[in-house]
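Subject: Handover of a structure and notes on its features

Dear colleague,

Please find below the structure that I am handing over to you. My notes on it follow directly after.

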Amino acid sequence: MNKEKQFCDYCLDYRNGKYEEKIIKEIIDGIEIEYLEKYYICDTCGNKFYGDLYDYNVSTANEKLREKTGIITVKEIEKIMKKYSIGKKPLSLVLGLGEVTIIRYLDGQNPTKDNSDLLKRVLYNPFLFEMFLLANKDKISSVAYKKSMGKTKQEELTDSNSKLYNVSLYILQKEKEVDTLSLQKLLYFCSGFSKVFPNVKDLILDCSESWKYGPVYREIYEAFSYYGYDKIDFDELVKDRDINLSLEEKKYIDAIIEAFGFYSGSILREMTHMTDPWIESRKGLDDDAFSNRIIDNGSIEKYFKKVCEEYKISNYDDIKKYSDDMFKKAKAKLM
Ligand SMILES: [Zn+2]
């Protein structure tokens, strides 16, 4: 028995009814669909009626029909919004649709075939979505743009299964308090020492750039910059995502985190400023000068090989000898 009476279409009055549900087949526009229908059986006349369940049945049937005809479903549109961190109105505007078009689709209106196809392509292709985002960035707020672009870049990195991105995610999983500045420096040292140990030699092949705040991997910056100086929200990022690294690689990264993860972003920045590859790639530039020069991987390899000889580093745990010493030097410089 229901708490509230529902309107029975046969009695034409509010009645108590018994709730029931049943999988039914229905033909809409010549297409057969199957769904779980929910309804009441009237206590007074014994007929089946829908009352407050009417909307549920209509939208469920409609969603099934969209699935069957290949028209984008409400669930898939919601997926797009989540995937690219974008609201209903901004999504409409970015795709060049009317401001309320997506809202209407979410309310159950059927998209045109063209718009449906567009939404489907965007759902599975972050690079395509980025093009729309760039083309229409002026139509949405800069906050909405930055957030959505960051999430889109993350999706691109996921799609390409970038090693650098997987290493970043692993660091974020281990070090929950990491901000974008520290993450970049941890990646730099990860790349550096990996060139010395044969087991992890190909861990990071991407090149960093010599920005004034130290080495920066541009693609990682673009994916995370909207967090600003805040710590990166790991749970939002790594939920339902596998991190694609071998056990050996994880063991190595653990040692890097152990050696460097404890220090603040500004200490880490100071440390990187004292390394040859960074100094060499900024030759002739003022400390404050903008630069996107590529830090040569060859010079990184050379420097970290030299470091390993100097500090007698022969296994992952030995890396701490170097970080301890660099910390002392960085602290002295900052004081
Ligand atoms: Zn009735």
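The chain of this predicted model is divided into domain 1 (6-69), domain 2 (74-158) and domain 3 (161-334). The centres of domain 2 and domain 3, taken over C-alpha atoms, are separated by 33 Å. Seven residues from domain 2 and nine residues from domain 3 take part in the contact. On the side of domain 2 that touches domain 3, there are one nonpolar, three polar and three charged residues.

Overall form

The secondary structure amounts to 16 helices and seven strands. The chain is more spread out than a compact globule, because its radius of gyration is 28 Å, well over the 20 Å that the globule rule gives for 335 residues. Along the principal axes, the C-alpha atoms fill a box of roughly 90 × 40 × 35 Å. Of the 335 residues in the chain, 32% are buried. Among contacts with a separation of 6 or more, 66% are between residues 24 or more positions apart.

An open sheet of three strands has the order 3-4-5, and its pairing is antiparallel. Strand 3 and strand 5 are the edge strands, each of which pairs on one side only. As background, the strands of a sheet pair through backbone hydrogen bonds, in either a parallel or an antiparallel manner.

Strand 3 (residues 17-28) is joined to strand 4 (residues 31-42) by 12 bridges. Within this pairing, Tyr 19 has Tyr 40 of strand 4 as its bridge partner, and Ile 23 stands opposite Leu 36 in strand 4. The two strands form a hairpin with two residues between them. Asp 29, in the turn of that hairpin, has a positive phi of about 50 degrees. How many of the 12 residues of strand 3 are buried? The count is one, and strand 3 is thus hardly covered.

On its other pairing, strand 4 is joined to strand 5 (residues 48-49) by two bridges, and these strands also run antiparallel. Here the bridge partner of Ile 41 is Lys 48 in strand 5. Five residues lie between the strands of this hairpin, and Gly 46 takes a positive phi near 80 degrees.

The nonpolar cores

In soluble globular proteins, nonpolar side chains tend to be buried together. The largest nonpolar core in this model has 45 residues. Those that touch the most other members are Val 167, Ile 171, Leu 186, Leu 187, Cys 190, Ile 256 and Ile 319. Two or more residues come to this core from each of helix 8 (163-174), helix 9 (180-194), helix 10 (218-224), helix 12 (247-260), helix 13 (265-273), helix 15 (297-310) and helix 16 (319-334). Apart from this core lies another, of 18 residues, which include Leu 91, Ile 102, Leu 119 and Met 149.

Which residues does Ile 171 touch, not counting residues up to four places away in sequence? They are Val 178, Leu 183, Leu 186, Ile 253 and Ile 257.

Two individual residues

I also examined one residue in helix 13 and one in helix 15.

Glu 270 is located in helix 13. Is this residue buried or exposed? Glu 270 counts as buried because it has 21 C-beta neighbours inside 10 Å, where 20 or more are required. Leaving aside residues up to four places away in sequence, Glu 270 touches Ala 330, Lys 333 and Leu 334. Glu 270 and Lys 333 are 63 residues apart along the chain, yet their C-alpha atoms are separated by 8.0 Å.

Tyr 303 lies in helix 15. With 18 C-beta neighbours inside 10 Å, Tyr 303 counts as partly exposed. The residues that Tyr 303 touches, again without those up to four places away in sequence, are Thr 275, Asp 276 and Pro 277. Between the C-alpha atoms of Tyr 303 and Gly 192 there are 8.1 Å, although these residues are 111 residues apart along the chain.

With kind regards

Note on methods:
Residues numbered from 1 in each chain as written. Predicted model: local features only at pLDDT ≥ 70, side-chain atom pairs only at ≥ 80, totals over all residues. Helix = DSSP H or I, 4+ residues; strand = E, 2+ residues; numbered from the N terminus. Rg over C-alpha atoms; globule rule 2.2 N^0.38 Å. Contact = placed C-beta atoms within 7 Å. Pairing = 2+ DSSP bridges. Core = buried A, V, L, I, M, F, W, Y, C linked by C-beta atoms within 7 Å. Domains from an automatic or database assignment. Nonpolar A, V, L, I, M, F, W, Y, C, P; charged D, E, K, R; others polar.
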